[in-house]
Amino acid sequence: MIQELKEKIGRTFRFTIYTLLLLIGGGGVGGCLSSCSSFLYDDESEQVIYADKSHLDEDADTLWSMAGILGKMQALADRTILLGELRGDLVEVTTYASSDLRAIASFSTAAAVPAAVPAVSPAGLTKYDQPRDYYAVINNCNYFLANADTTLRNNRNERIFQKEYAAVKAFRAWTYLQLVLNYGQVPFITQPVLSKEESERQYPLYDLQQVCQYFISDISPYATVETPGYLNIRNTDSKLFYYPINVLLGDLYLWSGQYKEAAQSYYRFLSSRNGTNTASPLTTNAVRFSQNDSRWMSTVDSWSLQAFMMEAAGGELITMIPGDSIPSEGQYSELRDLFNTNDNNEYRESITPSQSLIALSRSQKYCHYTTGGEFVFAPDALEDNLTGDLRLHAAYTTRDNANLFTNGKRVSHYASISKYQTRNVHILRLATVYLRLAEALNRAGYPRFAFQILKSGVNNSVIESEVIPYYPASEAAWLRTFDFPNTSYVLETTAGLAAENTMGLHSRGSGYTAQNAAYVFPDDPSISDSLARQQYQMEQVEDLIIDEEALELAFEGQRFYDLMRVALRRNQPAYLADRVARRSGTLNTALQQKLMDPASWYLKLEE
């Protein structure tokens, strides 16, 4: 797909082709400085090509270079999902999984990091443990930012390359965030490395907080700049290739513990995604039992199609990394072959839902609205993942001894995860933003606001009635800055009116949550101290958010980082260790003890 983008650029703009340098990278963990020669320079690499221009000052030079950066991003696509999912508690690897996948899931690619930079093989322990691929993106971004001529203006006095410049800033910030989350401390380089001598210099090591603070300052001035758009590529809007700066700012603030700022950034995205002062409602797409099905066997699913199969700007999908359609084309995503059975893997999937996820899904209370106008709970012992929340049932299908015919073959085993049916790797969607907004609001001290995002959805009426009365009057003005107009955010009712477009996230799989008497705000009036009571509320709501992230975002590469963020915030390694060690349904004591040391959460870097 990236090659097609280059071809479109070539047809659209006049240009002379020259090669943007494609340096590779890596990093180190340990002291204050690190040399990067072993991962920024390779005597035999044909990828180290020095640029023959000092400025990117033509349309095609700049846009061609952008396509090059997008191409480098493709190498990060699969590992972004796999490193975030296999180390969490929602999936397990099968006996057919490769040694690389098993190494990730067992944390054998990670180890406690001593003060000195540890030595490992340049190739890393798995093909997914390749820090140089992150630095390939970073150094290309550094070159672009150092050389793009941002002073050029068109005949309307608009900066010609401002959108591309802002997009590259976001690529670099996102890549550094992924890098530091996986490696703990990383060599920090913001200027292009163009020679072996430059690669051998000592570079400072930045940890997560330093990376967050640097890029908050670096990308904030570009938060209102629109993303580029180079027409459609195979009916896919190329605007989906970019990471929104307001969401990225929200993530950086969230990781750095600046919760009010995080909430405001996520809200700014929601209120401006489709233009100034516009709405981004969650929609009422859900998986539900048919209203008149007394046998609890028939479901209606508008959730999975819209959330995973539709690749149109303005919908559920926000950002993706495009992939090629066949392995010979270059950056082909293997995720379809890892999560599903097909001809490529001889109908043997490598990754399946964990027992922990299945148990969490089954433990939810599904609130059903009957044709008689009553709210009842669905039974607790249904088959085919129909007990509890229905999102797992919609996302995961498996059959054994089914004698299915697929592509003219009779197969006895079939497994499919609907989240991996396209060749592109989805990185961010609307539900993720709402969940992170809830997480930020909760930790900012407003757990009731966060809870309503899960239970009923929010509009101004909800904020006025269910949020503001519970907090000091001095905070009302700030809470009202979250403007969700009632006419733009219309709450779901049992009437199913056409204008309804907002529901609580839990309603996506657990029925009519707004009317669910079992899904209530967690509180303990017996706690007399107001601060202790608020702390109790925040931790309980945070647990609900973590559960909701599992139900909504399972298999999407978010889980390990969600657990990590809460464990670091609470200074409780067991929050992550216990969940991951119980993913199979029984406690893996050795893994639990290993993960009680946060140093084991990070991959190792060579110097």
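Arg448 lies over the face of Tyr470, at 3.8 Å from the ring centre, and Arg288 is placed over the face of Tyr512, at 3.9 Å from the ring centre. A charge is said to sit over a ring if NZ of Lys or CZ of Arg is within 6 Å of the ring centre and within 35 degrees of the ring normal. This is a predicted model, in which local features need pLDDT of at least 70 and side-chain atom pairs count only at pLDDT 80 or more, while totals for chains, interfaces and linings use all residues. Residues are numbered from 1 along each chain as its sequence is written, and side-chain values use heavy atoms, with hydrogens and water left out.

Rings also pair with rings. The rings of Phe, Tyr and Trp (its six-membered ring) pair if their centres lie within 6.5 Å, and planes under 30 degrees apart count as stacked, over 60 as edge-to-face and the rest as tilted.

| Pair | Centre to centre | Angle between planes | Kind |
|---|---|---|---|
| Tyr446 and Tyr471 | 5.2 Å | 75° | edge-to-face |
| Phe451 and Phe521 | 5.8 Å | 70° | edge-to-face |

Tyr446 lies in the loop between helix 16 (430–443) and helix 17 (447–455), and Tyr471 in the loop between helix 18 (460–467) and helix 19 (476–479), so this pair ties together parts that are 25 residues apart in sequence. Helices (H or I, at least four residues) and strands (E, at least two) are DSSP runs, numbered from the N terminus. Tyr446 is buried, with a relative accessible area of 2%, and Tyr471 is buried as well, at 12%; buried means under 20% relative accessible area, exposed over 50%, and partly exposed in between (1.4 Å probe, protein chains only). The pair of Phe451, in helix 17, and Phe521, in the loop between helix 20 (507–510) and helix 21 (530–553), links distant parts of the chain that are 70 residues apart, and both Phe451 and Phe521 are buried. Tyr446 and Tyr471 also belong to one aromatic cluster with Tyr267, Phe449, Trp478, Phe482, Phe484 and Tyr489.

In soluble globular proteins, nonpolar side chains tend to be buried together. A nonpolar core is a set of buried Ala, Val, Leu, Ile, Met, Phe, Trp, Tyr and Cys residues joined through side-chain atoms within 4.5 Å. The largest one here has 160 residues, and those with the most contacts inside it are Tyr176, Phe482 and Phe555. Helix 7 (residues 162–183) gives the most to this core, with 14 residues. Leaving aside neighbours within four places in sequence, Tyr176 is in contact (heavy atoms within 4.5 Å) with residues including Tyr135, Ile138, Val211 and Phe215.

Leu360 is found in helix 14 (residues 355–362) and is buried, with a relative accessible area of 15%. Cys367 is found in strand 11 (residues 367–369) and is buried, with a relative accessible area of 2%. Cys367 and Phe289 are 78 residues apart in sequence, while their C-alpha atoms are 9.9 Å apart in space. Among the residues that Cys367 touches, beyond those up to four places away in sequence, are Phe375, Phe377 and Tyr512.
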